[in-house]
Every structure is written in C-alpha cells, then in structure tokens.
Amino acid sequence: MTAHADPASPATRRWSALDTAAGGLALDLTLYAAATVFAAITAATSTLPPHRAWGAVATIGYALATLAATTQLLARRRDPGTPLAGVPARWAVTGLTWATSALLPVVTQSVQRAAGRADRAQEEVVVVEHAGIRLAEHGTPYLGPDAIAALPPGEQLLGYTPYQPGMALFGLPRAATDAWWTDARVWFAVATALALAALVTTLRTTTGPDSPRRDAALLRAVQAATVLPVSALTLATGGDDLPVLALCLLALALAAAGRPGRAGLAVGAAGALKLFALPVAIVLICWAATRRAGTRTALGALGLPVLALLPVLLVDSDALVENVLRFPLGHGLVTSPAQSPFPGHLIAETLPAGRVVAAALLVAVGVAIAVRLLRRPPRTAATAAALCGYGLLAAILLMPSTRFGYLLYPVALLLLAPALALAESPARDTGRPTFPPTARREAAERRTPEA
C-alpha cells in the first residue's frame with residue numbers, strides 16, 4: 001500500500017455526497033421514512049402472518065424514528081453545531097429504532113407463540129429448535145433420508161436442517177424448557193447484538209477515540225445490519241442469517257485492526273452456522289496471505305466449521321449429507337421454497353435448459369472472482385469487504401433458488417467497506433500496521449531503553 005490512495009471513483013464520490021448530506025441526516029430521514037412505508041405495506045398486504053405482525057409493530061417504530069430524524073434535521077438547520085444532530089445522537093436514534101423495529105417484535109412474537117399462536121414464527125425458527133432438541137437427544141441435529149421420508153408429506157420440508165451443525169446451538173434452550181425466552185429468535189438477537197458490539201468496539205479502538213468520519217461510516221454499516229427493513233424483518237420473523245452476517249462483519253473489522261487470527265476465528269464461527277460465510281472466509285484467507293498470515297487465518301476460518309462437522313459426521317454421515325448437500329442442491333425429497341424472482345430464478349424457469357444456463361452463469365462469476373483473488377488478492381480489509389459484497393450480490397442474483405432476504409449480506413458488507421477504509425487509513429499514511437491502544441503501549445515500552 002502507498003501513502004496516497006487512488007482517486008475515488010465517480011460512484012464513490014456520489015455515494016459520499018449522498019451519505020454525508022446534512023451531516024448524514026438526509027439519508028437517515030430517507031431510510032426511516034421509506035422503512036415506515038415498507039412496514040405499513042407489509043402489515044396490510046403480506047400473506048405471511050409473522051410478517052404482518054412485524055409490520056404492525058415496526059411501522060410505529062419507524063414512524064417515531066422518522067419524527068426523530070426530522071427533528072434532528074430541523075435542529076441542525078437552526079444550529080449546525082447542536083449536539084442533537086451529531087453522530088452520537090444519530091447512534092441513539094438507531095439504537096432505539098432497532099429496539100422498536102426488531103427487538104420488540106422478536107419479544108412480542110415469542111411471547112404470543114409461547115401462549116399458543118402457531119403463526120408467530122417462520123419455518124426456520126421451528127427447524128432450528130427441532131435441530132437443537134435432536135442434538136441434545138441424539139448427538140446430531142439432522143434426520144436421515146429414511147426418517148424424513150417417513151414424515152407426512154406436509155412435514156417433510158420441516159424435517160430438513162440445511163444449516164451447519166453450529167446453528168443447532170440456538171435451539172438448545174428450547175430443548176431445556178418451553179418458554180418465550182427459549183425461542184431461537186431471542187438467542188439470534190443476543191448473538192447478533194454481541195457481535196455488532198464487538199465490531200463497533202474493534203473499529204473505534206483501532207484508530208483512537210476521536211474519528212467522527214469513521215464513526216459516521218460505521219453507523220451506516222450498523223444501520224444496514226439492524227434497522228434496514230430487510231434486516232429487521234429477517235430478525236423478527238426468522239433470524240438465522242443475522243448472527244452469521246454479524247460475525248462476518250466482525251471478522252472484517254478484526255482484519256482492519258490487523259488481527260488475522262481473530263478474524264479467522266470470527267468468520268469460522270459464522271461458517272460453523274451457515275455456508276453463506278464460506279466466500280467471506282476464502283477472501284479473508286487471501287487477504288491474510290498478503291500479510292504472511294494465511295495459515296493463521298485459515299486455521300480458524302476453516303478449522304472451526306470442520307470441527308463442528310466431525311461429531312455429527314461420526315454419528316450419522318448420511319443424514320449430514322442429505323441435509324447439508326443434497327437438499328440445498330435441489331436433490332432432496334422435497335424442493336426448497338426459496339424462489340425469489342431474481343434473474344437466476346427467472347432464467348431457470350423460463351428459458352430452455354434454464355437451470356443449466358443459470359448454473360453456467362453462476363460458475364462463470366465464481367471463476368472470475370477466483371481469478372481476481374489469485375491475480376490481485378485484497379491487501380486491505382475494505383477491499384476484501386467490497387469483493388465479498390459484490391461477489392455475494394452476483395451469486396444471490398444468479399442462484400436459481402434464493403431469498404430476497406439474502407440481500408442483507410451484500411448490502412451490509414458494501415456499507416462496511418468505507419468504515420474499514422477509514423480504520424485502516426493510519427496504516428496507509430504511515431506505512432506501519434495498525435495496532436489497538438494496548439498493543440501500541442506495549443510496543444512503546446519495548447522500544448524504551450532501561451534506565
């Protein structure tokens with residue numbers, strides 16, 4: 001890396017102008033207002049009961065956030081230096097919005113479900129809880145193909161657990177007792193909050209306490225993972241993607257802080273939950289290789305998922321293959337209902353040999369990204385985040401079977417990249433690696449000669 005970065009692209013400059021307009025409040029107001037409309041439409045028109053229930057509560061939360069952002073914007077026009085319009089105040093509004101648009105619906109739907117409302121959770125919540133119960137009782141979260149075939153046709157889909165074994169840990173509380181707080185979504189929310197808190201702490205301590213630009217960029221990334229409607233809706237109704245996303249974001253933040261070993265452990269923990277983290281793990285290993293830390297990162301990034309697989313592989317290997325490989329690839333006893341109208345799905349359904357065409361396009365994109373990684377591996381965490389974001393976006397759009405909610409991954413990754421770039425800027429300016437404050441003090445003490 002050189003001390004002078006390349007000039008920003010026109011798209012980057014346009015985004016920066018939009019993001020910083022009125023101190024960031026203009027985009028805040030747009031986000032909350034659009035989210036209010038989205039939640040209201042969801043509450044009125046969704047065919048899924050958990051989504052309607054989310055919309056009814058979230059509409060109020062987003063409306064209050066819109067009012068707060070409007071108040072902040074007006075206060076800033078009267079007094080540009082008012083604390084009411086500063087970054088800390090924007091953080092406070094974001095936190096309250098997440099509480100009302102995501103956490104409150106999680107608790108509300110969990111309580112209603114515990115009281116007997118069977119329509120207050122999506123299928124993935126039930127699947128994860130059943131996986132936790134099976135893990136506690138049989139040592140594996142998976143049912144074998146014979147056991148799934150023996151289920152009534154309407155229940156065979158819920159017999160599949162298309163996740164890595166670590167996801168079953170969120171179902172263990174339900175195996176212990178049946179209460180609202182053992183709902184898997186409650187623990188998805190707890191894990192997400194802890195990972196995001198670690199992310200914020202990591203980036204804030206990397207460049208010191210006073211960095212308003214970094215804090216503003218970090219706020220935008222956190223908003224994408226919390227109050228963006230696709231993220232809040234996903235957490236409140238299903239939730240299994242949010243801990244995976246938060247751990248991937250934390251891994252990239254640790255990379256920006258110059259901690260490749262911990263970055264590998266974080267993304268490895270995400271990979272032990274869901275295979276969606278594997279592309280992020282590969283990119284981070286390539287990033288670490290440019291710093292001669294590829295092995296250290298790979299030990300955690302690939303080792304943790306393998307360690308999670310070994311016990312269940314020994315208990316019932318056929319069940320593992322049926323759930324983790326055959327079902328996601330479309331060779332299970334039933335077909336995945338994930339069919340959002342993205343290009344890959346439309347190509348697969350409308351063109352002759354459409355599935356072959358869609359698969360070929362997906363492979364072509366994968367090969368192009370692999371060539372890019374081999375020829376020009378990312379040398380910064382910000383570049384790694386951008387590669388992950390664009391790569392996952394292309395994969396989601398081209399997969400024949402996918403979900404609209406998966407878009408939360410590329411959106412959050414791409415919005416985290418500017419915050420990572422600002423966190424890494426001291427290292428670019430000085431040519432030295434960035435250390436947290438404790439490490440800097442220890443390094444200074446080692447350089448100081450004894451008296």
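First, the conventions. This is a predicted model, in which local features need pLDDT of at least 70 and side-chain atom pairs count only at pLDDT 80 or more, while totals for chains, interfaces and linings use all residues. Residues are numbered from 1 along each chain as its sequence is written, and side-chain values use heavy atoms, with hydrogens and water left out. Helices are DSSP runs of H or I, at least four residues, numbered from the N terminus.

Two packed helices are described by the angle between their axes and the distance between the axes. The axes are lines fitted to C-alpha atoms over the stretch in contact, and angles run from 0 to 180 degrees between N-to-C directions.

Take α9 (residues 184-206) and α12 (residues 241-256). They pack at an angle of about 15°, with axes 8 Å apart. That makes α9 roughly parallel to α12; the cut-off for roughly parallel is under 35 degrees, and for roughly antiparallel over 145. The crossing is left-handed, that is, the near helix is turned anticlockwise from the far one by less than a right angle, clockwise being right-handed. Residues in contact (heavy atoms within 4.5 Å) include F188, L196, L199 and L203 of α9 and L242, L249 and L250 of α12. By class, this contact has 16 nonpolar, 3 polar and no charged residues. Nonpolar here is Ala, Val, Leu, Ile, Met, Phe, Trp, Tyr, Cys and Pro; charged is Asp, Glu, Lys and Arg; the others, Gly among them, are polar.

Now α9 with α10 (residues 212-226). The angle is about 165° and the axes are 11 Å apart, so the two are roughly antiparallel. This crossing is right-handed. Among the contact residues are L196, L199 and R204 of α9 and R214, D215 and L218 of α10. The classes are 7 nonpolar, 1 polar and 3 charged.

Next, α19 (residues 381-398). Its 18 residues should span 26 Å at 1.5 Å a residue, and its end C-alpha atoms are 26 Å apart, which agrees; the expected span is 1.5 Å times one less than the number of residues. Its buried residues (under 20% relative accessible area; exposed is over 50%, partly exposed in between, with a 1.4 Å probe and protein chains only) include L387, C388, L392 and I396.

Finally, two single residues. I41 sits in α2 (residues 25-45) and is partly exposed at 48%. A22 lies in the loop between α1 (10-20) and α2. A22 is also partly exposed, at 27%, and touches L73 and R76, leaving out residues up to four places away in sequence.

Methods. Parallel < 35°, antiparallel > 145°, perpendicular 65-115°, else oblique.
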